Amino acid sequence: MRILYRYKKCGCDLDNIIQMLYTEDPTIINADYCTAPSWNNVYLTSGLLYHPTYYSGYELDGADRVFKTFTTYPLYIDIYYQFMQSTPYRSIWVDSDCDGTKDALSKGSQVTIGKFFTFTEDKTITVGIFGDNQFQINYDGETIMSFDYLGRTVHTPFRYLNLFEVNVTAGTHYLAFTGTGDGSVTDALGVIVFDHPIEEILIDEDPPTLNELTILYSSEESLSEVLIL
Ligand SMILES: [Ca+2]
Ligand SMILES: [Ca+2]
């Protein structure tokens, strides 16, 4: 069937998926896959969750978190409630046969999306990410944050937009985001990268809209677009 389809990446300077072959850990093997939109009505329905500290192996439901629930901070609702279910910030999952519909990965297999960024100065940016359920953030090939869902009853991976500040240095760097399959088709990875430190995003009394923020990347950029010949 694949020969019937031709596909391209939309809205990106380079092929985000193929870039990964040259810059990422060689054990990542999803370069032959497409990606398709993935959404569920429970995603991003609880609020924002800022993680001041994190590390590889981090537990999202651990201590030291800053909740901005939609219930307590309703001004964030208009901006962030389910905002990745539609263009231009859609969340994605793997589409292994490139027919435009997402597919299940075998349990433990991963899908990675990402992009090269060029910064003119050292700065702090903020990554917003959600996953159903496991996700990682990689900076120049190093896993700087990983959350591995271990069967706990925790909804923070997908009900909240999880926010992590990343200190970047001047120059070109590769940020990549990985989701791990659970063997079902109910999986998703949604990412948005803000060119702002957290204090410019979380302003409770008058939060900036997405149009007022500089967005460097969202998962929609890594969406494959299927063209049926
Ligand atoms: Ca498919
Ligand atoms: Ca899942």
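I started with contacts. Among those in the protein with a separation of 6 or more, 80% join residues 24 or more positions apart. I am working from a predicted model.

Next I looked up the overall make-up. I found three helices and 14 strands in the protein. Of its 229 residues, 38% count as buried.

Then I turned to the largest nonpolar core. It holds 47 residues. I asked which of them touch the most other members. They are Leu48, Leu161, Phe177, Leu189, Val191 and Val193. Strand E12, residues 188-194, gives the most to this core, with six residues. I noted the general rule as well: in soluble globular proteins, nonpolar side chains tend to be buried together.

I picked Val191 from that list and looked up what it touches. Leaving out residues up to four places away in sequence, Val191 touches Ile113, Val127, Ile129, Phe177, Tyr217, Ser218 and Ser219. Phe177 is also one of the core residues that touch the most other members.

Last entry: Thr126. I placed Thr126 in strand E7, residues 123-132. Is Thr126 buried or exposed? I counted 22 C-beta neighbours inside 10 Å, and the cut-off for buried is 20 or more. Thr126 therefore counts as buried.

I then listed its partners, setting aside neighbours within four places in sequence. Thr126 is in contact with Leu163, Phe164 and Glu165, and also with Phe194, His196, Pro197, Ile198 and Ile201. I checked Asp195 too. Thr126 and Asp195 are 69 residues apart in sequence, yet their C-alpha atoms are 6.7 Å apart in space.

Methods
Residues numbered from 1 in each chain as written. Chains lettered and ligands numbered in written order. Predicted model: local features only at pLDDT ≥ 70, side-chain atom pairs only at ≥ 80, totals over all residues. Core = buried A, V, L, I, M, F, W, Y, C linked by C-beta atoms within 7 Å. Buried ≥ 20, exposed ≤ 12 C-beta atoms within 10 Å, placed from the backbone. Helix = DSSP H or I, 4+ residues; strand = E, 2+ residues; numbered from the N terminus. Contact = placed C-beta atoms within 7 Å.
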